[in-house]
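Thanks, I'll keep this brief.

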Amino acid sequence: MHASADALRRVASAILESGGSAVAEADLVADHLVLANLSGHDSHGVGMIPAYVRHLEAGLVAPNTRAKVVKDDGPMLMFDGGRGYGRVVAGEAMDAAIARCRQTGVVALTLANAHHIGRVGAYGELASGAGLVSLHFVNVTDHRALVAPFRGSDGRFSTNPVCIALPGTERHPPLLLDMATSAIAMGKVRVARNEGHLVAEGILVDPQGQPTRDPNVMYQEPHGALLTFGGHKGYALAVITELLAGALSGGPTIQPGNQRLGGVVNNMFALLVDPSRLAGVDWLRREIDGFVDYVKASPPADAAAPVLVPGEPERMARATREREGIDVDATTWDEVLQAAETVGLARAKAEALVA
Ligand code: NAD
């Protein structure tokens, strides 16, 4: 299936609205998912809809829920997401944190108990778009653990994403580090399974802890596990991320003393910093321009693959996919249409929305 971003937005929004979301929420979440597809992260695009609908059916995501303030104490802001759609409640928490950061110069923000917040880069982009620096640490709870600790062999935590964003300059767009601490995001294992591909080496282990490239080990009992990126360093970052996100927010970590209802809950700890209150925006821009130019001028080892900076692959993917449209593999598309039917949107009607 090949469709324009607009067509995918229409169908995603219609499914979410049929699932009980007000129009503005359905549009916001649909836009967020399709922006992930546009950015080259199909793992966090419309292929998440079947999971969202399963969670709706099970009462594990609460449409039309607003983020609730738990603590508002100067530069400290705590929110509870009440299992609302992640893009909605994390967006509200970020809006509040950005406004506060203009007064206080720095904000420590937590969000607990949000349904899947999706591509974390979206929240970094909110901050960098406002001229702020932000750091985001996110854990994933409410379902079985997926990622094995370094030297371990079975899942003990999840894909715990980290995102760090810096504002752009006149010459360079914002910099955006946005990644899972697992070797790849779980959604990319789903995409590989749906497309019938093997994953690369060094990403998965089978139930005996032995290396495998078969994505199906994550979908059949006994389960295999993902590995962290970068060996012990990625593992160490994943552990710290789990604790920053789960413990500082009052949301749970994935330890078994906490409930697992089978949904996807994200908790986030974020730090926002106003660079004008440190060395100043002029200096930041001067150094971004000078450093990015310097790094990118490194002669490419492969002439066809020039040096990029964080955030650039996503921008390049957006430019291509805005122009050429987005491919959705047949299995994923069938799952999306089944999800539409589950919430009462006839398959033919959903298909007509992308025609
Ligand atoms: P990835 O492996 O594609 O890494 C992405 C990061 O690497 C980006 O910052 C990108 O700009 C940078 N990058 C890639 N190639 C580069 C190059 N050649 N030069 C410089 N920088 C480069 O992404 P991932 O780890 O698969 O994560 C995908 C998405 O999944 C992210 O948006 C993440 O937020 C999301 N995610 C969400 C959750 C959740 O629970 N909400 C969990 C895990 C991941």
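Which backbone oxygen does the side chain of Ser 249 reach? That of Ala 245, at 2.6 Å. That is a polar contact, meaning a pair of N or O atoms within 3.5 Å; within protein, one must be able to donate a hydrogen and the other to accept it, and residues adjacent in sequence count only if both atoms are side-chain atoms.

Before going on, the basis. This is a predicted model, where local features need pLDDT of at least 70, side-chain atom pairs count only at pLDDT 80 or more, and totals for chains, interfaces and linings use all residues. Residues are numbered from 1 along each chain as its sequence is written, and side-chain values use heavy atoms, with hydrogens and water left out.

Back to Ser 249. It is found in the loop between α7 (231–248) and β11 (265–273); helices (H or I, at least four residues) and strands (E, at least two) are DSSP runs, numbered from the N terminus. Ser 249 is buried, with a relative accessible area of 4%. For the terms, buried is under 20% relative accessible area, exposed is over 50%, and partly exposed is in between, with a 1.4 Å probe and protein chains only. Leaving out residues up to four places away in sequence, Ser 249 touches Met 78, Thr 110, Leu 111, Ala 112, Leu 244, Asn 267 and Met 268, where contact means heavy atoms within 4.5 Å.

Next, backbone geometry. Most residues other than glycine have a negative phi, and most peptide bonds are trans. Glu 221 and Pro 222 are joined by a cis peptide bond, with omega about -10°. Pro 222 is in the loop between β9 (211–212) and β10 (225–226).

Two arginines have positive phi: Arg 83 at about 60° and Arg 151 at about 80°. Arg 83 sits in the loop between β3 (76–80) and α4 (86–104) and is buried, at 12%. Arg 151 lies in the loop between β5 (133–141) and β6 (162–166) and is exposed, at 81%.

Last, helix α10, residues 330–342. At its N-terminal end, Asp 329 is the cap, with a side-chain oxygen 3.1 Å from the backbone nitrogen of Thr 331. Which residues of α10 are buried? Thr 332, Trp 333, Val 336, Leu 337, Ala 339 and Ala 340. Down the axis of α10 they fall within an arc of 155°, so they line one face of the helix; the arc is that of the directions from the helix axis to the C-beta atoms. These buried residues pack against α1 (5–18), α3 (49–57), α6 (186–195) and α11 (347–354). After α10 comes Gly 344, with a positive phi near 90°.
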